[in-house]
Amino acid sequence: MTTDQPGLSKLEKLNALLGNNTRRPTAPTPAATRQGGSLKPPTTSPANVPLFPSPNSAQRALSSLAPPRGRERKKVALKPGHSPLDWAQLNRTEPKFKLRGVDPNTPPPQFVKIKKEELKKHKSQDDCWTCINGRVYNITPYVDFHPGGVEEIMKCAGRDGTALFNKYHSWVNVDRMLENCIVGLYVP
């Protein structure tokens, strides 16, 4: 291809000078689309690599981010009426003392001190307390709402569950989620 051919664009002339003889296809004109062409963007790049999401995008699932074999997330089907919205509704409607699992005349949680011996007594599914970040929660009403299932949440029953909670739920605001279930403050 020579650079003195009529009808060549400046880019095509420059490519001819540099030795790049490949012509790139141009986008279809409106007249061409009315004749059956398409205005959809191409689904792959010239090298047959998908354009979206881009290869280094966080939206693309990378195999290095997948959990190792044997440690896949256990999915648990919750009982009907036990969704996160149902839990929020229960928190709005149920009296706080019932969610706390205490007598209505019990002082506010900031004035109740819970020792390790007392916490250890509450480790059954019908009477379940745990400590997270220095606060003792009555998780008995929440057990059936736990997305990981009853078996998983019972691992921290009757003991300090801070490390286990932070390992799997570091982004969860436990103070907001269980705000009405606070029994008191943990005293080691």
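**Exercise 1.** Does L14 count as buried, partly exposed or exposed, and at what relative accessibility?

*Solution.* The model is a predicted one. Step 1: locate the residue; L14 lies in helix α1, which spans residues 10-18. Step 2: take its relative accessibility, which is 46%. Step 3: apply the cut-offs, where buried is under 20% and exposed is over 50%. L14 is therefore partly exposed, given its 46%. Step 4: look at the surroundings; L14, L17 and L18 make a nonpolar surface patch of about 340 Å².

**Exercise 2.** Work out the strand order of the open sheet and name its edge strands.

*Solution.* Step 1: the sheet has 5 strands, in the order β1-β5-β4-β3-β2. Step 2: its pairing is mixed. Step 3: β1 (113-115) and β2 (123-124) each pair on one side only, and these are the edge strands. Step 4: follow β1 to its partner; β1 and β5 (residues 182-187) run parallel and are joined by 3 bridges. Step 5: name a bridge pair; K115 has V187 in β5 as its partner.

**Exercise 3.** Describe the nonpolar cores and the surroundings of Y137.

*Solution.* Step 1: the largest nonpolar core contains 17 residues. Step 2: the residues with the most contacts inside this core are W87, Y137, I139, Y142, V174 and L178. Step 3: a separate second core has 9 residues, including V112, I114, L119 and V136. Step 4: return to Y137 and set aside its neighbours within four places in sequence; its contacts then include C128, W129, I132, V174, L178 and V183. Also among them are T130 and D175.

Key: Residues numbered from 1 in each chain as written. Predicted model: local features only at pLDDT ≥ 70, side-chain atom pairs only at ≥ 80, totals over all residues. Heavy atoms only, no water. Pairing = 2+ DSSP bridges. Helix = DSSP H or I, 4+ residues; strand = E, 2+ residues; numbered from the N terminus. Core = buried A, V, L, I, M, F, W, Y, C linked by side-chain atoms within 4.5 Å. Buried < 20%, exposed > 50% of the residue type's maximum accessible area, 1.4 Å probe, protein only. Contact = heavy atoms within 4.5 Å. Patch = residues over 30% accessible without salt bridge, like charges linked within 9 Å, V, L, I, M, F, W, Y side chains within 5 Å. Areas by Shrake-Rupley, 256 points an atom, 1.4 Å probe, with all protein chains shown as cover. Salt bridge = Lys/Arg side-chain N within 4 Å of Asp/Glu carboxyl O.
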